[in-house]
Amino acid sequence: MSDVLARRKQIRLADLRGANNEGVLALVLLVLVIGMALISPSFFTVGTLFSILRGAIVPMVFALGVLIVIISGGIDVSFAAIAIFAGYTAVKVSEAGGFDPGLIGVFAIACGIGALLGLVNGAVIARFRLSTLIVTLGTQGIFRGILVAYIGSRYIADLPGSMSAISTANVITIRAGDNDAFLHVLVVPVIALCVLVAWVLKRTMFGRGIYAIGGDPEAARRAGFAVTRIQVALYVLAGVLAAFAGVLHVILGRNANPQALVGTELDIIAAVVLGGASIFGGRGSVLGTVLGVLLVQLINNSLILVGIPTAWQRAAVGVLLIVGVGIQALSAKRQSKKVFVTEETGA
């Protein structure tokens, strides 16, 4: 009887922890919020919450693209280059043509460019079976070079009217004297994207194929998945998401700068890994990624509030990435020992 109760408790604890340790991450977030509220009373306000959510808009979309690549067993460091390439080019096309294509037109131009650049990544990786890190490192430099050499290196402050209009639009406004709180309207499409990507990963054969490839590409091939086609498609999707994030970055920043987004890759990859996505492939969730992005944003915000220089933000994110990967390595090692003991016992 006691064994049954102990077993039930283990199952309940596992349910709370979640398949990708989302429960643990949520608990860390809660502790951090309480700690910051005690240290700085001004932290626990609606304005701070809206500020963190606004800061997470672009990283969240980046993280969705990085998530599907990491689940498939790869790593992509070219998404920031794709984002600014697509976002800047969309604005440049509008400026050169002397017209405003509207928000839908801008997003369509940028996403088309992102799909094309993602196709380059996917085709090279799937066709030649090269290291995803090496390929995306190479294409990152190529995309930036083409952007600066052939499209433009000039800072553009005059955005099309449709982009300028939405840059100051809010979905929620809370008036409280001098401390008004505003939640930007672009939070809405980002939430919709999170739901859509979660649905694709959980409910479609394409999503299951991504998990299968991350677990073992050869086993996925024998199970009937079109591995090459899925790899190309997922990098195209990652390119589209990066381009979408690039346009959001231009709108929120109210300018198009070809040198922007350099060096943001570490924050995004750290957030996805902290969210439970296995760097070895085959595991990860949108919920964990959302929590990971919020954790990185919260830490960056907290460091500023307690007066720590912004230069240390990079160090803090680097430590988080090492801790996240270290925990995954220890967990994988422990799991392999369990399998070994089970096999020995069974023999």
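Is R129 buried or exposed? Let's start there, because R129 counts as exposed, at 65% relative accessibility. Buried here means under 20% relative accessible area, exposed means over 50%, and partly exposed is in between, with a 1.4 Å probe and protein chains only.

Before I go on, a word on what we're looking at. This is a predicted model, where local features need pLDDT of at least 70 and side-chain atom pairs count only at pLDDT 80 or more, while totals for chains, interfaces and linings use all residues. Residues are numbered from 1 along each chain as its sequence is written, and side-chain values use heavy atoms, with hydrogens and water left out.

Okay, back to R129. You'll find R129 in the loop between helix 6 and helix 7, residues 132-151. When I say helix, I mean a DSSP run of H or I with at least four residues; a strand is a run of E with at least two, and both are numbered from the N terminus. Now, most residues other than glycine have a negative phi. R129 has a positive phi of about 55°, and it is not a glycine. R254 is another non-glycine with a positive phi, about 60° this time. That one sits in the loop between helix 12 and helix 13, and it counts as partly exposed, at 47% relative accessibility.

On to the helices themselves. Two packed helices are described by the angle between their axes and the distance between the axes. Helix 6, residues 102-128, packs with helix 12, residues 227-253, at an angle of about 145°, and the axes are 6 Å apart. The axes are lines fitted to C-alpha atoms, for helices over the stretch in contact, and angles run from 0 to 180 degrees between N-to-C directions. Helix 6 and helix 12 cross in a right-handed way. As for handedness, a crossing is right-handed if the near helix is turned clockwise from the far one by less than a right angle, and left-handed if anticlockwise. In the contact of helix 6 with helix 12 there are 19 nonpolar residues, 7 polar and no charged. Here Ala, Val, Leu, Ile, Met, Phe, Trp, Tyr, Cys and Pro count as nonpolar, Asp, Glu, Lys and Arg as charged, and the others, Gly among them, as polar.

Helix 12 also holds R229, which is exposed, with a relative accessible area of 66%. R229 and G122 are 107 residues apart in sequence, yet their C-alpha atoms are 9.0 Å apart in space.

Next pair: helix 4 (57-71) and helix 13 (265-274). Their axes come within 9 Å and cross at roughly 65°, again in a right-handed crossing. On the helix 4 side we have P59, F62, A63, V66, L67 and I70, and they meet I268, I269, V272 and V273 in helix 13. Contact means heavy atoms within 4.5 Å. That contact divides into 10 nonpolar residues, no polar and no charged.

So where is the empty space? Rolling a probe the size of a water molecule over the atoms shows where empty space is left. On a 1 Å grid over the protein atoms alone, a cavity is a set of points where a 1.4 Å probe fits but cannot get out, and a pocket is an open set with protein on both sides within 12 Å along at least five of seven lines; lining residues have an atom within 4 Å of a point. Grid points are joined across faces, edges and corners, and a volume is the space filled by probe spheres set on the points.

The structure holds 1 cavity of 30 Å³ or more, and the largest cavity has about 40 Å³ of space. Helix 4 gives the most to its lining, with 5 residues. That lining divides into 8 nonpolar, 1 polar and 1 charged.

The second largest pocket has a volume of about 480 Å³. It is lined by 23 residues, and the closest to its centre are G55, P59, D267, Q297 and N300. Helix 14 gives the most to this lining, with 6 residues.

Last stop, D267, in helix 13. D267 counts as buried, at 18% relative accessibility. Leaving aside neighbours within four places in sequence, D267 is in contact with V296, N300, R314 and V317.
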